[in-house]
Structure formats: C-alpha cells, structure tokens
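Subject: Structure handover

Hi,

Here is the structure I promised to pass on. Have a look at it first, and then read my notes below.

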Amino acid sequence: MDAANSIGSAAHPTSVPVPVAPNVSSGTLGSHLARRLVEIGVSDVFSVPGDFNLTLLDHFVSEPGLNLIGCCNELNAGYAADGYARAKGVGACVVTFTVGGLSVLNAIAGAYSENLPVICIVGGPNSNDYGTNRILHHTIGLPDFTQELRCFQTVTCYQAIVNDLDAAHELIDTAISTALKESKPVYISISCNLPGIPHPTFARDPVPFFLAPKISNQWGLEAAVEATANFLNNAVKPVIVGGPKLRAAKAQRAFVELADASGYPIAVMPSGKGMVPEHHPQFIGTYWGAVSSSFCGEIVESADAYVFVGPIFNDYSSVGYSLLVKKEKAVIVNVNRVTVGNGPSFGWVFMADFLTALAKRLKKNPTALENYHRIYIPPGMPLTYAKDEPLRVNVLFKHIQQMLSGDTAVIAETGDSWFNCQKLRLPENCGYEFQMQYGSIGWSVGATLGYAQATKDKRIIACIGDGSFQVTAQDISTMIRCGQRTIIFLINNGGYTIEVEIHDGPYNVIKNWNYTGLVDAIHNGEGKCWTAKVRTEQELIEAIATVNDEHKESLCFIEVLVHKDDTSKELLEWGSRVASANSRPPNPQ
C-alpha cells in the first residue's frame, strides 16, 4: 500500500475539544488500542514517556491485561519489543514524537530485517497543529511534521497518522492487522489530544481479528511439487538446509514433516539457528560455508541437490560470497515462491503448503546422512588447564553447553558470541536468538529484556561482549526492576573483537569498565541481583553453581575476563573472508 493511502487524513485533521476529566473512558481511542494489543497477545509494552504520549500511556496503565514497562531509552525499548516478538509472535513499544521516534528507528529497522511484527506507537502532535505553520518542540525547527513519518516509511510495512477520531478505528486496526499478516513492523502516530475522547467507533471491545489464511495457487503448488519431486528423486545424495524465513512463514512444523518423510540430513543456516530442531536424528549442524560445523559443510557442498528453505544469502551468511553451492543444484523455497535449479520458478506458492505437499511425493533417501555418519568424528573437549591458568573462551562455552536445557534460551550478541554460540547444541525446546541480518551491536541487552519478559518459564543465558554492552548497558536496570532471572555472561576482552578480525585499528580498543561495579551500582540494593568476576575455570564453576542454587531467582551478571586475542577459529576464518569481500577494488569502468 502506498504512503498516501496508509497515513490517514493528515491534511484534514479534526478539531477536537480537550477532555475535561482525566478518567479513562471505556469508549476511547486509548482504551481501544490498549485492548487491541491485549487481544493479539501483547501483555507487556516497552515505553519511554514523553509529553506527546503521556495521556496515551494513562490508558495503557489502566488496561488490566497490559503491563507497561518503562525503559531507559527508546533504542532499548525497540530492542525489547524485538525480543518480545521473537518469543510471543508480536511486540509493541511506545515513544514520543521525533526525538523518541528517531531514537527507536534503528531498532525498528532491525525488526524489519528479521521479519518481526513490532507495533511502534508514537505520541504525535495535537491534531489542531496539523496543516498550520506552527513550529513545535521535539522537531528540527520547521513547520513540517512529516520528517519522522518519512523515516519510518522505509522500515515499516504500514504507517498510520491518527489525527482524526472518525478514521482512527480503521487506521489502528489496519496497521496492527498488516503487521501480523506481513510479519513486519508498523508505525502508528496518535495525536496527543485524542486518546481520552469517547467516540462511537470505540463503544465496544475490539472484535478479534480474522486474518484470512494465505492460500497457495493450487495449480502453481502442484506444478512446483511435481518439478521439485522429479528433481530430488533423481538426485543421489540430497540435503535440506533451513533458513531464517522459516519463522515468518510459520513453516517449522512442515519443515520437520519434510525431513521425516525424505530421510535427508538437515542442516541450518547460521541465521536460522533455533528454528530447526537440533535434537532431530537427521540434524548435522550449521551450514556456514568455510566456518560450518565440522563435517556439515562437506556434506552440504558435496551434495548433488540441496533444498534451501527460507534462506537469506548475504555477505555475512555466505562468508564473503564464498559458499561452494551451485544454483543449478538448488531448490530455493521462499515464503511465497519456489525456484528449482536454473529452471522454473513458481509464485504464490506458500512455504508450509509446499513442504507438506512435497513430503508426500519424495522417496526416502538417507544416502547423504549415511555419508555424514561415516565421516563424523565427535568434537574434542578443551584441554584441562592448570589450577590458576587464565580462563579461555572455549572452556567458558563448554560450561555454558552443560547449562542448557528445555527450560533455557540463549541470546547471542553480535561479535564472537555469534560463532561460539553457534556451536552450542540446543536441547529440545531450548530457545535461541540472535540478530544476524542487521547485526547491530548492543541489540542483545534490550532483546534479552523483552525475550525474558515474554518467556517467564525459561531462564535466559545471554552472551554479550564488552564493546556491545557499553552501547546499551542501562536496561540492566529494567531487568532488575522486572524481577528477571537472566544469566548474563559479559565477555571482557578489551574491545570490538569481531571488527579486529575484519580490519584492526586503534578505534577497536575501548575503555575498560568495572562491569560488575557498574551493575552493582545500578542494582543499588533494590531487587535481586548478583555479580561476579571470573578469571579461571574454577572461579567459573563456582559462579555457575551459585547462579543455579542460591541465586536461581536473581539476575546474575558474570564478568568473564579473557585475553584480547582469544577468539574462535571460525571468527578468524570468517573475518579474513569478509575483509576480502569488503576490500574488493572498484570494477573497471
């Protein structure tokens, strides 16, 4: 939908009286929006108050099914809504006009890249100010209120400017339903004088949405299945690789159906980790080109046919465009399109429908899986070290692996934690999240807040580098205030290690903080929080025992001091290949 059709009637705003009573009426815009959020599954909204959104926040506070969580800044509120949406299927944040909107914008862009339905609500100017030449605060000093809107148009799938009560119901419901249908963020601006005014369109509770299911073109589906089945049934050693779009397509169950029916080995792209069951007997690891799990890359790249389900091939996931896969051997299954080798492509064929139908047409072929078992050698364990020898990263992750269960979830920050966490084997029902497409350092602090709030039955284990933590550290405060019991491993190696391995320079060295001292100061004796610094394996063992026993209901922050050059071998390889891709000279003109 174009912007002109999606932003309401900003040119003809409704002039409305200011409400005399501060009480929250059941038939108001604010109460409708609050109840609509509850109806779609949002129980927690992440916010930063500002004068343009205060009356709207009153309605959110008054809604019994909604918990308003104040964050330290808008960026973290957006990251928290991102993390919440990963767990609950939809998230929401509320900020104020322009200064809040442009601050949260980076987080909304990340949610867009990861196909997450986040409802970004902004308290906007008084409806009477639209169409005038007035200059408002929180703007850049021009009588133009569209700057924020124009910024959001590129990172949301729908934008609603609500400055007219007559159109408000339709605009709000269209925005929210579009986010759910498209699995993308939306932007809703609410004029600050409208939330408390009764209007007939809000006289009853919101009618639950009926989102019509997307039905595949039956002819296209049959043709796609026929072409793919012929392609795969004639292959000798085919494999299946799951990608990050499995979530947006809601096709994870259909993916398992296909794996069970085919007998093919299943691998996962790095950005799809957590969406493919790693306890499945056919799971062989992460396919990430030159930095794949041991023996997984060899099996995938030696296959004569591969089915990539919901992939994103970018410079990071392709290790600097160095994957040894060939288009003519690949079936690419996207959310609503299937392409077979260099041949036919079928549109309006939806992923789940296609995988379920294809599963019924494939001959069982475990050849590639048998080849994997034939060459597989179990991974070695880190060497045993002397009593007071400095802790190494591979030893840290050996112990993190032992902490995982179906009652935990892992959040991996951008950096070397990408590679170390990628090697963790996830037990059944163990969650896993990271932000590979957008790769915004600092994302994990807010995302951990949101994910933990959405999954109170799980204990979150967050692995965060020191450089990333310095970007968004403040919302440790919000985690403590919410009574969360997350375990944060702060890996202190003195800088931006992932960037060191791509291109080193003095800008990659950061000022060291007393991280546990900072968290203790934030704790300030209010709530449950425990911190520790560990330098050796024995100290790590003791700290883990403490977080699992006497502090199992506390937020636990463990600062792990390691050598600045203690990196995974995968980061060393990946960094050199990405550096090579970044430094390609201009093509001859």
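Below are my notes on what turned up.

First, the ground rules. This is a predicted model, so bear in mind that local features need pLDDT of at least 70 and side-chain atom pairs count only at pLDDT 80 or more, while totals for chains, interfaces and linings use all residues. Residues are numbered from 1 along each chain as its sequence is written, and side-chain values use heavy atoms, with hydrogens and water left out.

Helices (H or I, at least four residues) and strands (E, at least two) are DSSP runs, numbered from the N terminus. There is an open sheet of 6 strands, in the order β2-β1-β3-β4-β6-β5, with parallel pairing. Strands count as paired if DSSP finds at least two bridges between them. At the edges sit β2 (67–70) and β5 (159–162), each pairing on one side only. On average, neighbouring strands of this sheet are turned by 20 degrees against each other, direction ignored. For angles like this one, axes are lines fitted to C-alpha atoms (for helices over the stretch in contact), and the values run from 0 to 180 degrees between N-to-C directions.

Inside the sheet, β1 (residues 44–47) and β3 (residues 91–96) pair in the parallel sense over 2 bridges. If you want to find the spot, Phe-46 has Cys-93 in β3 as its bridge partner.

Helix α2 (residues 29–39) lies across β1, β3, β4 (118–124), β5 and β6 (186–191), and runs at about 165 degrees to β4. Of the 11 residues of α2, 9 are buried, so the helix is largely enclosed by the rest of the structure. Buried here means under 20% relative accessible area, exposed means over 50%, and partly exposed is in between (1.4 Å probe, protein chains only). The buried residues of α2 include His-32, Arg-35 and Arg-36. Just after α2, Gly-41 takes a positive phi of about 110 degrees.

Most residues other than glycine have a negative phi. Thr-98 has a positive phi, near 60 degrees, without being a glycine. Thr-98 is in the loop between β3 and α5 (101–113), and it counts as buried at 7% relative accessibility. Lys-250 also has a positive phi, about 50 degrees, and is not a glycine. Lys-250 sits in the loop between α9 (246–249) and α10 (252–262), and at 63% relative accessibility it counts as exposed.

**The aromatics**

The structure holds 22 aromatic pairs. Rings of Phe, Tyr and Trp (its six-membered ring) pair if their centres lie within 6.5 Å; planes under 30 degrees apart count as stacked, over 60 as edge-to-face and the rest as tilted.

Trp-288 and Phe-419 are a stacked pair, because their ring centres are 4.9 Å apart and their planes are at 0 degrees. This pair links distant parts of the chain: Trp-288 is in the loop between β9 and α11, Phe-419 is in helix α15 (residues 416–422), and they are 131 residues apart. Trp-288 is buried at 1% relative accessible area, and Phe-419 is buried at 2%.

Tyr-316 and Trp-418 are edge-to-face, since their ring centres are 5.7 Å apart and their planes are at 75 degrees. Tyr-316 lies in the loop between β10 (306–309) and β11 (330–333) and Trp-418 in helix α15, so the pair ties together parts 102 residues apart in sequence. Tyr-316 is partly exposed at 25% relative accessible area, whereas Trp-418 is buried at 0%.

**Helix α13**

Which residues of helix α13 (residues 367–375) are buried? They are Ala-368, Leu-369 and Tyr-372. These residues cover an arc of only 100 degrees around the axis, which puts them on the same side of α13. The arc is that of the directions from the helix axis to the C-beta atoms. The buried residues of α13 pack against β7 (239–242), β9 (283–286) and α11 (296–301), with contact meaning heavy atoms within 4.5 Å.

Cheers
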